[in-house]
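This report looks at charged pairs inside a protein chain and at a nonpolar area on its surface. Please keep the structure open while reading.

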Amino acid sequence: MRVLSSSLLRSTFRFATSFAAVALVLASVVLTCSQPAHALPAFARKYGLRCSACHESWPMLNYFGQKFKDNGYQLMNDRDAPIWQNPGYWPVVFRITPIWHRVSTGKVEVDTYAAGAPTGGSAIQRISSSGFDLSGLDFHTGGTLEKNISFYLLPSSDSTGAFHFEQVFVRFDNIAHSPWLNFKLGRFELDNLLSEKRILTLTGNGGVYQTYHFIPQGDGNIFGQIGDNQLGMEYLGHSVDDRTRISVSLVSSSDGNVNLSTTANAYTAFVAGSQAFDAGRLGVQRVGFYAMAGEASTYYLTTGGVPILGSGIGNKSFTREGFVGQFYAGPHIGLTIVTQHGSDNAWFGQGYGNAEATDGNGGTTCTAAPCPPNNVPGTTLNAGSQAPSWNGATFEGHYIYSPQLIFIGRYEFEKMSQQANGSGYGVGVTGPNGSTGPMPSNLGNISTYTIGFRYNPFMTSRAGLAWHNEYNWLHQDGTGPSLTPGVLTNLNTSEILMGLDFDF
């Protein structure tokens with residue numbers, strides 16, 4: 001046994017030293033490469049711009065890159081129209097990321113076994129998994145159909161290859177030769193200053209902005225997620241120098257779902273505006289606001305108790321509003337701050353609204369009863385029901401050592417200001433995990449930290465590569481499993497990720 005253990009130890013040591021050597025070589029190659037950097041390949045092949053012209057770090061835009069995007073992916077010269085382009089130019093970019101990651105969930109309820117058979121009991125334990133993996137594939141194509149008519153098309157797949165259309169729109173730019181008149185129709189990202197679609201982080205919890213997606217515990221409103229692409233139309237106006245920006249969007253209250261499968265008879269408005277000013281050596285600073293106000297269904301007609309998709313009525317309201325600031329301390333240090341106050345109607349707080357929520361049979365869409373709560377005629381709210389509301393904020397800082405190397409740090413918090421059931425003030429309603437008391441005032445609160453760096457050893461007009469390293473930790477109050485009825489526990493999850501984010 002000792003011989004086997006010694007052999008295993010030597011093999012493990014050889015593997016560890018070999019892995020360390022490979023990692024050291026990779027780090028050496030990455031950190032010593034200094035080839036010229038250019039823009040995203042699809043547009044670099046058209047205009048020949050350097051990476052630093054449009055990006056603080058790919059894919060995050062800088063001031064000039066935002067202006068280029070606002071102009072409809074145009075530099076406002078005679079090279080904008082396709083007729084003047086090289087026939088060999090094809091504005092297409094593929095992006096995918098092979099990764100290694102380790103995910104750890106602090107508390108998971110698992111079955112217990114004895115003598116090879118389940119005991120009918122449960123235990124709480126940490127689950128950690130690590131290994132090599134893949135991201136999904138993004139297939140970007142965009143540009144101009146004609147001078148001042150721009151488009152973007154993004155077929156995207158998950159890691160198994162299941163495709164959907166993440167983004168697709170046509171925009172009419174500079175109508176009547178005015179930068180204040182631009183209209184877009186299709187599926188697109190809402191126009192907020194901190195773009196989730198150009199986020200620099202990739203982990204499961206760190207790869208999205210929690211402030212854009214927060215939903216209170218038990219809430220059925222999925223339609224107010226600012227980070228998701230939406231279906232609708234948008235007006236955008238901006239000054240010639242892009243210092244002043246204003247946009248107004250009208251979208252279906254469907255969270256971007258196609259085929260009128262969710263709320264089909266309600267709409268949401270999104271308004272955003274910002275003003276930039278030159279602070280001398282500190283750089284161009286920008287402050288702005290955003291507001292979302294809409295309605296979504298809580299009552300769906302049914303067949304055999306199963307909601308008929310697209311039949312939603314009984315609309316109830318929801319709102320999101322906040323402020324955004326982009327601040328710089330010279331060319332290397334930046335800080336973006338997003339705040340948000342959110343509120344949902346009391347019906348959403350009681351779980352009404354999402355007809356496609358997981359049913360009681362383990363499916364992802366309700367195809368057989370029991371189905372999610374449905375506000376059918378005669379339904380009344382429980383005593384003590386009230387509109388859930390919350391406050392949140394995102395602080396994202398970065399240090400740009402060079403256009404090829406960026407360090408990222410982010411802190412986010414989401415805190416309930418009023419729960420859907422009694423807000424912790426003594427209303428006797430059924431709470432989570434069988435509790436008969438009020439919902440704790442902190443139930444569902446989130447705190448999360450993300451740190452990482454991205455190094456681009458090169459970004460030519462044909463391809464790009466980023467060596468990506470990231471760590472995320474997330475804490476949520478009261479959402480962990482418990483073996484004691486009525487007792488709530490907190491949940492912590494973490495993920496460390498290393499990958500090669502490349503496009504061509």
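A residue is called buried when its relative accessible area is under 20%, and exposed when that area is over 50%; anything in between is partly exposed. The model shown is predicted.

**Charged pairs**

Side chains of opposite charge can pair when their charged atoms come close. The count of salt bridges in this model comes to 8. The table lists some of them.

| Salt bridge | Closest N to O distance |
|---|---|
| D344 and R320 | 3.0 Å |
| E396 and R410 | 2.8 Å |

The salt bridge between E396 and R410 has a distance of 2.8 Å. This pair links distant parts of the chain, 14 residues apart: E396 is in strand β18, and R410 is in strand β19 (residues 405-418). Both E396 and R410 are buried.

D501 has a relative accessible area of 0%, so D501 counts as buried. R454 is also buried, because its relative accessible area is 0%. A network of salt bridges links R454 and D501 with R95.

Strand β18, which holds E396, covers residues 389-402. Is E396 buried or exposed? E396 is buried, because its relative accessible area is 4%.

Which side chain, joined to that of E396, makes a polar contact of 3.0 Å? The partner is Y209. The side chain of E396 also makes a polar contact of 2.8 Å with the side chain of R410. Leaving aside residues up to four places away in sequence, E396 touches L194, Y209, G334, L335, T336, I408, G409 and R410.

L145, V170, F172, I175, W180, L181 and F183 make a nonpolar surface patch of about 590 Å². One of these residues, F172, lies in strand β8 (residues 163-172). F172 has 43% relative accessibility, so F172 counts as partly exposed.

Terms used: Residues numbered from 1 in each chain as written. Predicted model: local features only at pLDDT ≥ 70, side-chain atom pairs only at ≥ 80, totals over all residues. Heavy atoms only, no water. Patch = residues over 30% accessible without salt bridge, like charges linked within 9 Å, V, L, I, M, F, W, Y side chains within 5 Å. Areas by Shrake-Rupley, 256 points an atom, 1.4 Å probe, with all protein chains shown as cover. Salt bridge = Lys/Arg side-chain N within 4 Å of Asp/Glu carboxyl O. Helix = DSSP H or I, 4+ residues; strand = E, 2+ residues; numbered from the N terminus. Buried < 20%, exposed > 50% of the residue type's maximum accessible area, 1.4 Å probe, protein only. Polar contact = N/O pair within 3.5 Å; in protein donor to acceptor, adjacent residues only side chain to side chain. Contact = heavy atoms within 4.5 Å.
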